Amino acid sequence: MENINWTELSFGYMKTDYNIRCYYRNGKWGEPEISDSEMIPLHMAATCLHYGQEAFEGLKAFKGKDGKVRIFRMRENALRLQASCRGILMSELPVEVFEKAVVEAVKRNQRFVPPYESGASLYIRPLLIGTGAQVGVKPASEYLFVVFVTPVGPYFKEGFKPTPYAIIRGYDRAAPLGTGTFKVGGNYAASLVPGEIAHSKGYSAVLYLDAREKKYIDECGPANFFGIKNNTYITPESVSILPSITNKSLMVLAEELGMKVERRQVPVEELATFEEAGACGTAAVISPVLRIDDLDENKSYVFSKDGQAGPVSIRLYNKLRAIQYGDEPDKYGWITLVE
Ligand code: PLP
Ligand code: COI
């Protein structure tokens with residue numbers, strides 16, 4: 001066994017023992033197969049390489065105090081992958097096949113699920129690509145679904161410590177009637193340049209505005225956005241953001257904590273009224289926002305004066321993590337136990 005320093009893990013790739021693969025050929029999906037190779041043999045004319053027929057997912061498995069491994073809201077990821085497939089004309093993977101492959105990937109790599117005490121988790125990355133050859137712009141007739149896993153720590157190295165974000169109007173990650181609601185590689189390609197600009201200036205990520213009017217908050221590069229004021233959890237509604245499963249979960253938990261929940265357009269100026277703000281996602285969990293600098297308007301919105309997360313973000317974070325690690329009962333049916 002490798003000597004893994006579980007508490008020092010960052011959000012990166014580590015080779016694990018097995019991955020699961022499933023092929024779509026002759027009009028149907030085959031059974032999941034186990035592989036110990038990190039490589040994919042690929043036709044040079046595969047549509048994933050030329051025309052972006054690629055969608056992925058991200059979910060996590062957690063080891064509880066009881067030693068049991070729990071996967072969080074796997075079915076939601078299976079359904080979102082199907083939506084992504086419809087969005088870029090790839091063959092939809094049946095939910096049951098997705099779930100079987102994810103569970104198998106976790107089971108075969110149990111030794112990589114970080115211990116409870118580390119606060120780390122096993123990141124699960126399902127990937128679906130067009131493998132069939134085409135030269136004209138057309139969908140492939142063959143697809144490959146792969147699930148690999150890798151143990152991870154926090155997405156932003158500061159973890160739950162608030163960090164700064166930047167509004168930069170010169171770039172969009174997705175168009176209003178484009179692919180922003182799907183988890184497809186092209187959206188992330190479009191976010192690389194603005195992302196690097198933000199990083200080089202010391203920001204964790206870009207906070208995108210709606211592409212049409214640049215009036216409303218959309219989301220962060222790798223996560224949704226929420227603000228807190230007057231005991232209300234407020235998160236943007238938009239045609240160009242990814243429907244985050246973490247955000248959906250936090251809305252339920254906010255209500256459970258007695259808060260109001262609003263999903264609606266959020267004008268940029270409203271940032272000035274939020275008591276707390278956060279980025280949320282599978283990788284980001286809740287990453288509290290320290291400050292948002294609007295680089296075009298030379299304005300700053302500050303959410304943490306002492307450099308610590310606010311009380312509502314702390315409560316939401318603790319509640320979400322407690323369910324994920326099995327410290328609290330799974331009353332919403334969000335957990336799949338890996339036997
Ligand atoms: N928004 C974007 C662009 C993302 O890549 C992600 C990550 O999956 C999210 C939001 C958060 O979604 P989820 O909570 O389902 O991980
Ligand atoms: C996730 O949160 O799972 C993501 O996919 C975000 C990012 C790593 C792309």
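The following questions and answers set values from a predicted model against their definitions. Local features need pLDDT of at least 70, side-chain atom pairs count only at pLDDT 80 or more, and totals for chains, interfaces and linings use all residues.

Q: What makes C220 count as buried?
A: Buried means under 20% relative accessible area, with exposed over 50% and partly exposed in between (1.4 Å probe, protein chains only). C220 has a relative accessibility of 1% and therefore counts as buried. C85, at 0%, is buried too.

Q: How do you know that the span of helix α2 agrees with its number of residues?
A: Helices are DSSP runs (H or I, at least four residues), numbered from the N terminus. The expected span is 1.5 Å times one less than the number of residues. For the 14 residues of α2 (residues 74–87) this should be 20 Å, and the end C-alpha atoms are 20 Å apart, so the two agree.

Q: Why is α6 called roughly perpendicular to α7?
A: Angles between N-to-C directions run from 0 to 180 degrees, with axes fitted to C-alpha atoms over the stretch in contact, contact meaning heavy atoms within 4.5 Å. Angles of 65 to 115 degrees count as roughly perpendicular. The axes of α6 (residues 245–256) and α7 (residues 311–324) cross at roughly 110°, which makes the helices roughly perpendicular.

Note on methods. Residues numbered from 1 in each chain as written. Chains lettered and ligands numbered in written order. Heavy atoms only, no water. Helix = DSSP H or I, 4+ residues; strand = E, 2+ residues; numbered from the N terminus. Parallel < 35°, antiparallel > 145°, perpendicular 65-115°, else oblique.
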